[in-house]
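Subject: Structure handover

Hi,

Here is the structure I said I would pass on. Please open it alongside this email.

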Amino acid sequence: MYQFDESVIANQMTLLIEYAQSYAFFKVVSEHLKDHNEDQEFWIHLNNVTLNDLIIKWCKVFGTDDNELHWKNSSKSDGFTECVRRLIISIFKGDSECWKSYVRGCVIFETPIPHIET
C-alpha cells in the first residue's frame with residue numbers, strides 16, 4: 001500500500017475545491033458575456049481573470065513536476081506514479097479519440113473570447 005503525505009494532499013484538495021469554485025464563477029461570467037451586450041469590456045476582463053485563475057490552480061496540481069503540490073508528490077512510495085499513469089491510461093483504453101481530446105484539453109485551454117468592436 002502507498003504511504004501518502006497528508007499535508008500535500010490536504011493542500012491539493014483545498015486547491016481543487018478552489019478550482020471548482022473558480023470554474024463555476026468562470027461559467028457564470030462566460031454565460032453573462034453571451035447573453036448581455038452592455039459593459040462588455042468589464043465582463044471580458046473578468047472572464048480573463050477567472051480563466052487565468054483556473055489555469056494557475058490546475059497547473060499547480062497537474063502541471064510542472066517540480067511544483068510542491070504536483071500530484072506526484074502525494075506519495076513517495078515506489079510505484080505510485082506508474083500506478084496512477086496506468087490508471088489514467090486505462091480509463092481511455094481503446095478510445096484513442098477520447099484520449100486525444102483529453103490531452104488536447106489539458107494542453108490547450110481553449111475558450112471563446114468575445115470580440116470588442118472599436
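**Confidence.** This is a predicted model. The protein chain has an average pLDDT of 80. At least 70 is reached by 83% of the residues. Among the elements, helix 1 (residues 6-35) has the highest mean pLDDT, at 90. Helix 4 (residues 96-107) has the lowest, at 70. Over residues 111-118, pLDDT stays under 50. That stretch has 9 contacts beyond four places in sequence in the model.

**Overall make-up.** The chain has 4 helices and 0 strands. From the N terminus, the order reads α-α-α-α. Of the 118 residues, 25% are buried. The accessible surface is about 8,600 Å². Carbon and sulfur atoms account for 58% of that surface. Now take the contacts between residues at least 6 apart in sequence: 59% of them join residues at least 24 apart.

**Helix 2.** This helix covers residues 40-62, which is 23 residues. At 1.5 Å a residue it should span 33 Å. Its end C-alpha atoms are 32 Å apart, so the two values agree. The buried residues here are Q40, I44, L46, N47, T50, L51, L54, K57 and V61. What do they pack against? The buried residues of helix 2 pack against helix 1.

**Helix 3.** Residues 80-92 form this one, 13 residues in total. From first C-alpha to last, helix 3 reaches 19 Å, close to the expected 18 Å. F80, V84 and F92 are buried in helix 3. They cover an arc of only 110° around the axis, so they sit on the same side of helix 3.

**Aromatics.** The structure holds 9 aromatic pairs. One of them is W58 with F62: the ring centres are 4.4 Å apart and the planes meet at 35°, so the pair counts as tilted. W58 and F62 are 4 residues apart in helix 2, so about one helical turn separates them. Are these two residues buried, partly exposed or exposed? W58 has 28% relative accessibility, so it counts as partly exposed. F62 has 37%, so F62 is partly exposed too. Both residues also belong to one aromatic cluster, formed by Y19, Y23, F26, W58 and F62.

Best wishes

How values were computed. Residues numbered from 1 in each chain as written. Predicted model: local features only at pLDDT ≥ 70, side-chain atom pairs only at ≥ 80, totals over all residues. Heavy atoms only, no water. pLDDT = per-residue confidence, 0-100. Helix = DSSP H or I, 4+ residues; strand = E, 2+ residues; numbered from the N terminus. Contact = heavy atoms within 4.5 Å. Expected span 1.5 Å × (residues − 1). Buried < 20%, exposed > 50% of the residue type's maximum accessible area, 1.4 Å probe, protein only. Areas by Shrake-Rupley, 256 points an atom, 1.4 Å probe, with all protein chains shown as cover. Arc of directions from axis to C-beta. Phe/Tyr/Trp six-rings, centres within 6.5 Å; stacked < 30°, edge-to-face > 60°.
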